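Here's a quick briefing for anyone meeting this structure for the first time. Have a look at it, then work through the notes below.

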Amino acid sequence: MENIQEQEVFTMPRIGDKAPEFTATTTHGEINFPADYKGEWVILFSHPADFTPVCTSEFMTFAHLEEKFNKANCKLVGLSIDGLYSHIAWLRTIKDKIKFNGMKNIEVKFPLIEDISMNVAKKYGMIQPGESKTQAVRAVFFIDPIGTVRAVIYYPLSLGRNFDEIYRALIAMQTSDKFNVATPADWEPGNDVIISPAGSCGVAAERMSGTDELECEDWFFCTKKLDKDVVLNEILKK
Ligand code: BEZ
């Protein structure tokens, strides 16, 4: 008879899935996720451990940018497989002692989940045993105002995240939702956007005959202008 090895089940939310629900203790009290964030975007992100340098640099950067994310109707929630008192001590140390990239005296105001039980980390595929069996990888989940996972980025333990890209992705997805367009490679607000592909021979022919609004490289690749101020006025809170 074959040996049956006990295998732990790790789930991994996919784009388009409902964000797995949980309640958790955080540095700002209990949260009920994603229900507490209904009507807002939320970035749920994990880091390997408190009191580690790459994580510290990331927390300082996210805390520094928090207001910018909040203005785009997006809240931040962090997580690591550490306890609450470790989280509190680490955040106090960051504020009191650490300087990084010109930042100092940085107060982390967003909640940090304690996940010693790995309950949340397992639900969100943050434990990737090939990388570490005890520490979460650097996961970033973008969850929209109705609780749907819209994008996921995973980084290994050694690689600090690029927060400009995280912000760019958030604004690009909101732009796609608001204006019913797609965004091309390296898109930033003010760049041309892509309109949905022609769905019939008639529309393809129409597009190739030229319109004032569209610029078509070919029948399947048409862009239009979308003013930066129009995008930002629609997305950013006044
Ligand atoms: C860090 O945040 O510095 C780190 C954490 C775990 C493994 C490697 C680096």
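Searching the whole structure turns up 9 salt bridges. Keep in mind that this is a predicted model, so every distance here is computed from predicted positions. One of those bridges pairs Glu-58 with Arg-138, and their closest N and O atoms sit 2.8 Å apart. That pair ties together distant parts of the chain, since its two residues are 80 residues apart.

**The bridge between Glu-58 and Arg-138**

- Glu-58 belongs to helix H1, which covers residues 53-71, while Arg-138 belongs to strand E6, which covers residues 138-143.
- Glu-58 has a relative accessible area of 2%, and buried means under 20%, so Glu-58 counts as buried.
- Arg-138 is buried too, with a relative accessible area of 2%.

- Arg-150 and Asp-144 bring their side chains together in a salt bridge, at 3.1 Å from N to O.
- Are these two partners buried or exposed? Arg-150 is partly exposed at 24% relative accessibility, whereas Asp-144 is buried at 8%.
- Glu-165 and Arg-168 also meet through their side chains in a salt bridge, this time at 2.7 Å from N to O.
- Why are Glu-165 and Arg-168 separated by about one helical turn? Because they are 3 residues apart in helix H4, which runs over residues 163-179.
- Glu-165 is partly exposed, with 28% relative accessible area, but Arg-168 counts as buried at 19%, because the cut-off for buried is under 20%.
- Salt bridges with shared partners also build a network, joining Glu-58, Arg-138 and Arg-161.

**A nonpolar patch on the surface**

- Met-208, Trp-219, Phe-220 and Phe-221 make up a nonpolar surface patch, and together they have about 410 Å² of accessible area.
- Phe-221 is found in strand E10, which spans residues 221-224.
- With 35% relative accessibility, Phe-221 counts as partly exposed.

**The overall picture**

- The protein contains 6 helices and 10 strands.
- Its C-alpha atoms fill a box of roughly 65 × 60 × 30 Å, taken along the principal axes.
- What share of the protein counts as buried? Of its 238 residues, 44% do.

Definitions and conventions
Residues are numbered from 1 along each chain as its sequence is written. This is a predicted model: local features need pLDDT of at least 70, side-chain atom pairs count only at pLDDT 80 or more; totals for chains, interfaces and linings use all residues. Side-chain values use heavy atoms; hydrogens and water are left out. A salt bridge is a side-chain nitrogen of Lys or Arg within 4 Å of a carboxyl oxygen of Asp or Glu. Helices (H or I, at least four residues) and strands (E, at least two) are DSSP runs, numbered from the N terminus. Buried means under 20% relative accessible area, exposed over 50%, partly exposed in between (1.4 Å probe, protein chains only). Patches are made of residues with over 30% relative accessible area and no salt bridge: like charges are joined within 9 Å, nonpolar side chains (Val, Leu, Ile, Met, Phe, Trp, Tyr) within 5 Å. Accessible areas come from the Shrake-Rupley method with a 1.4 Å probe; for residues, only the protein chains shown count as cover.
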